[in-house]
Amino acid sequence: MEEFYSDGLNFSCNNCSACCRFEPGMVRLSQQDLSRLAEWAEVTDEQFILMYCRWIENSEGTKTLCLREKSNYDCIFWQNGCSAYQARPVQCRTYPFWTSLLESRDSWNAEKKRCPGLDTGTFHSMEEIQEQLSLYEQRKPITSLCREP
């Protein structure tokens, strides 16, 4: 089956920050993400977890390490833009080339209601999209069955 994006897609971030603000979300961290962010914040991984993270438990009892949100659902690092931009997690860096958004044209179009940058601006070839999708899919979020927040 040919992917709907086989001829490429246009996307340019217009800095609206809708993907970082306003709605609840989960930015799942891999070990690489955690280490990069901790280095950026000039703290140990453990200190970073205590200051900026939360454990989210799923229905099977597995906990996943995620960035905290502010009470208004903004990302903990959103301050008139991403204060951790250079160290942002793979999940953030690969948006909008995520599995769920690339599964169909309908999924992509539904996301356009939230993100005005979709189908505008810079052209991304199928190869570029698949490279970003691969990075997104290969990340391994930190999980735990017994670690308490």
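A residue counts as buried when its relative accessible area is under 20%, as exposed when over 50%, and as partly exposed in between, using a 1.4 Å probe and protein chains only. The model is predicted, so local features need pLDDT of at least 70 and side-chain atom pairs count only at pLDDT 80 or more, while totals for chains, interfaces and linings use all residues. Residues are numbered from 1 along each chain as its sequence is written, and side-chain values use heavy atoms, with hydrogens and water left out.

**Exercise 1.** Decide whether S107 is buried or exposed, and find its partners.

*Solution.* Start with the location: S107 sits in helix 5, residues 105-112. Helices here are DSSP runs of H or I with at least four residues, and strands are E runs of at least two, numbered from the N terminus. Next, take the accessibility: S107 is buried because its relative accessibility is 16%. Then look for contacts, meaning heavy atoms within 4.5 Å. Beyond neighbours within four places in sequence, S107 contacts S100 and L101. Finally, a polar atom of the S107 side chain lies 3.5 Å from the backbone oxygen of S100.

**Exercise 2.** Describe how helix 1 and helix 2 pack.

*Solution.* Two packed helices are described by the angle and the distance between their axes. Axes are lines fitted to C-alpha atoms, for helices over the stretch in contact, with angles from 0 to 180 degrees between N-to-C directions. The axes of helix 1 and helix 2 come within 9 Å and cross at roughly 90 degrees. Helix 1 is therefore roughly perpendicular to helix 2, a label covering 65 to 115 degrees. Helix 1 contributes Q31, L34, S35, L37, A38 and A41 to the contact, and helix 2 contributes D45, F48, I49 and Y52.

**Exercise 3.** Explore the largest nonpolar core.

*Solution.* A nonpolar core is a set of buried Ala, Val, Leu, Ile, Met, Phe, Trp, Tyr and Cys residues joined through side-chain atoms within 4.5 Å. The largest has 17 residues, and L29, L37, F48, L65, L67 and F77 have the most contacts inside it. Helix 1 gives the most to this core, with 3 residues. Among the residues that L67 touches are V27, C75 and P89.

Notes
A polar contact is a pair of N or O atoms within 3.5 Å; within protein, one must be able to donate a hydrogen and the other to accept it, and residues adjacent in sequence count only if both atoms are side-chain atoms. Angles under 35 degrees count as roughly parallel, over 145 as roughly antiparallel, 65 to 115 as roughly perpendicular and the rest as oblique.
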